[in-house]
Amino acid sequence: QVQLVESGGGLVQSGGSLRLSCVATGGLFVAYALAWHRQVRGKERELVAEINQDGVAEYSSSVKGRFTISRDNSKKTMWLQMDGLEPEDTAVYYCHARRRFIGRTADYWGQGTQVTVSS
């Protein structure tokens with residue numbers, strides 16, 4: 001069982017920066033693919049960025065060049081550095097961990113952290 005706790009959200013002006021953290025307890029952290037998702041109330045949750053077990057990162061087109069995802073397996077921690085924030089980035093951000101086994105997939109989510117960008 002993996003538990004994920006996000007932190008680092010808050011209120012920031014347009015053009016500003018925030019750094020989100022996701023700390024994991026339990027499980028074999030290095031074996032999990034990790035991702036950040038976000039959700040605006042009334043809309044579907046969307047993938048923002050993901051990083052695999054080898055540290056290879058991918059980004060949605062809406063954040064590419066502005067956000068950076070990273071992980072430190074020794075600290076069981078993942079980060080999302082968000083620069084050049086825009087009001088459209090306002091959402092609840094969720095940490096996600098996934099591990100594939102034979103015949104099943106294990107998915108874990110954090111509780112979310114609110115990011116609000118004012119214009």
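This is a predicted model: local features need pLDDT of at least 70, side-chain atom pairs count only at pLDDT 80 or more; totals for chains, interfaces and linings use all residues.
**Ground rules.** I kept local features only at pLDDT of at least 70 and side-chain atom pairs only at pLDDT 80 or more, while totals for chains, interfaces and linings use all residues. Residues are numbered from 1 along each chain as its sequence is written, and side-chain values use heavy atoms, with hydrogens and water left out.

**Sheet.** Pairing here needs at least two DSSP bridges between two strands. I then followed β3 (residues 18-25) and β8 (residues 77-82), which pair antiparallel over six bridges. Arg-19 has Gln-81 in β8 as its bridge partner.

**Disulfide.** I searched for cysteine sulfur atoms within 2.5 Å and got one disulfide. Cys-22 is joined to Cys-95, S to S 1.9 Å. Cys-22 sits in β3 and Cys-95 in β9 (residues 91-101), so the pair ties together parts 73 residues apart in sequence. The S-S torsion is about -65 degrees, so this disulfide is left-handed. Both cysteines are buried (under 20% relative accessible area; exposed is over 50%, partly exposed in between; 1.4 Å probe, protein chains only).

**Thr-113.** Which strand holds Thr-113? I found Thr-113 in β11 (residues 113-118). Thr-113 counts as buried because its relative accessibility is 10%. Its side chain reaches the backbone nitrogen of Gly-9 at 3.2 Å. I also listed contacts (heavy atoms within 4.5 Å): leaving out residues up to four places away in sequence, Thr-113 touches several residues, among them Glu-6, Leu-20 and Tyr-93.

Technical notes
Helices (H or I, at least four residues) and strands (E, at least two) are DSSP runs, numbered from the N terminus. A polar contact is a pair of N or O atoms within 3.5 Å; within protein, one must be able to donate a hydrogen and the other to accept it, and residues adjacent in sequence count only if both atoms are side-chain atoms.
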